[in-house]
Amino acid sequence: MIRTEELLLNVGPQHPSTHGVFRVIVKLDGEVITEATPVIGYLHRGTEKLAEDLTYTQIIPYTDRMDYVSAMTNNYVLCHAVETMMQLEIPERAQYLRLIVMELQRVASHLVWWGTYLLDIGALSPFLFAFKDRETIIDLFTELCGARLTYNYMRVGGVKWDAPPGWIEKVRAFVAYMHGQLKVYDNLVSGNEIFLARIKGVGKYSAEEAINLGLSGANLRCTGVKWDLRKDQPYSIYDRFEFDVPVGQNGDCYDRYLVRLEEIRQSLRILEQAIEQFPADGETMGKVPRVIRPPEGEAYVRIESPRGEIGCHIVSKGKDKPYRLKFRRPSFVNLQILPQLLVGQPMANMIMILGGIDIVLGEVDG
């Protein structure tokens, strides 16, 4: 019998690529994890408390920074909450522009995940492919709103400004190009023997466990639960489009990988339809008061971000600043399952499991 001694190991705090500043305290018996404790809060900025001293328009740039690879969807959830309280009507052209940038953002976010996940496992080439293709989306966003990462594009009642001439055609060209690139991704990675050996069957959990912990996004759908707010509780104009909700069967890292790749394909499918339906002209801002004052009361809205369900709860006293503001952040909730997944796993599997959950720590800490 081999005698072993329990080892307490700090993994971090570190800044692994774009994942955020994160630390896990693990107890090891040899190479096997017996206990894991995530430590967060290194990026905490107090967004929700700061918002109490900001007008509703001034809050929008703060939402960019909650999830810096999915800024457009964060912009939208705040505006959607305020618009729900004020019962505002959004012009058609603005609705389509919002949907197009949100789906482009979903593709860009999944590309960051795909590239960095495989880089963490030890494959350099996919990272270069992913960031090259993401750069095209970033260029489109730069042309649209003048920023590469924190866009501040949404406004209560519409969008900051209209798309420049020829922009929609550039989106159309990117969608056609990206369809071909996904085949390259599959050929490069999805059937690779080494890749499959590393992640298949790792980090498994059941649909019941996912639901009990409130998981959402690909972390829920990988277990076979067909739940997507764009389809099940449509917001914006998502009810006008045909698309599928991809699901897995085994709830492991490989299923989460396949679900996210298929989500890119479905986003491209939505974009194709949106481009065809895009209004030839029209306003990009609705009739919004000069000073935004939602009526006294409260509202909670939720949408499907690339990481899962993001919600926004606003309490208004009828003033130009919220009385209270609270975001339901998907990464914060999804992170709950990490200790359960790590216990009993060899230390070498930690990066596959952590990366497979796809958390952004800026969005966890807020």
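Reply: A nonpolar core is taken here as a set of buried Ala, Val, Leu, Ile, Met, Phe, Trp, Tyr and Cys residues joined through side-chain atoms within 4.5 Å. Buried means under 20% relative accessible area. The model is predicted. In its largest nonpolar core, which holds 110 residues, Leu 104 and Trp 167 touch the most other members. Helix H4 (residues 92-121) supplies the largest share of this core, 16 residues.

The surroundings of Trp 167 can be listed. Leaving aside residues up to four places away in sequence, Trp 167 touches Leu 97, Ile 100, Val 101, Leu 104, Leu 140, Glu 143 and Leu 144.

Helix H4 also packs against helix H14 (residues 350-357), at an angle of about 175° and with the axes 9 Å apart. Angles over 145 degrees count as roughly antiparallel, and H4 and H14 are therefore roughly antiparallel to each other. On the H4 side, the residues that meet H14 are Trp 113, Tyr 117, Asp 120 and Ile 121; on the H14 side they are Ile 351, Met 352, Gly 355 and Gly 356. By class, the residues of this contact are five nonpolar, two polar and one charged.

The charged pairs come next. Side chains of opposite charge can pair when their charged atoms come close. Over the whole structure, a search finds 26 salt bridges. One of them joins Arg 221 and Glu 263, at 2.6 Å from N to O. This pair links distant parts of the chain, with Arg 221 in helix H9 (residues 218-221) and Glu 263 in helix H11 (residues 253-277), 42 residues apart. Arg 221 counts as buried, at 1% relative accessibility, and Glu 263 is buried as well, with a relative accessible area of 2%. Both Arg 221 and Glu 263 belong to a network of salt bridges that also links Glu 103, Arg 106, Asp 228, Arg 230 and Glu 304.

Two further pairs may be set beside this one. The side chains of Glu 52 and Lys 49 meet in a salt bridge at 3.1 Å, N to O. Here Glu 52 is buried, with a relative accessible area of 18%, whereas Lys 49 counts as exposed at 55% relative accessibility. Glu 35 forms a salt bridge with Lys 27, and their closest N and O atoms are 3.4 Å apart. Glu 35 is partly exposed, with a relative accessible area of 37%, and Lys 27 likewise counts as partly exposed, at 27% relative accessibility.

Note on methods
Residues numbered from 1 in each chain as written. Predicted model: local features only at pLDDT ≥ 70, side-chain atom pairs only at ≥ 80, totals over all residues. Heavy atoms only, no water. Buried < 20%, exposed > 50% of the residue type's maximum accessible area, 1.4 Å probe, protein only. Helix = DSSP H or I, 4+ residues; strand = E, 2+ residues; numbered from the N terminus. Contact = heavy atoms within 4.5 Å. Axes fitted to C-alpha atoms, helices over the stretch in contact; angles between N-to-C directions. Parallel < 35°, antiparallel > 145°, perpendicular 65-115°, else oblique. Nonpolar A, V, L, I, M, F, W, Y, C, P; charged D, E, K, R; others polar. Salt bridge = Lys/Arg side-chain N within 4 Å of Asp/Glu carboxyl O.
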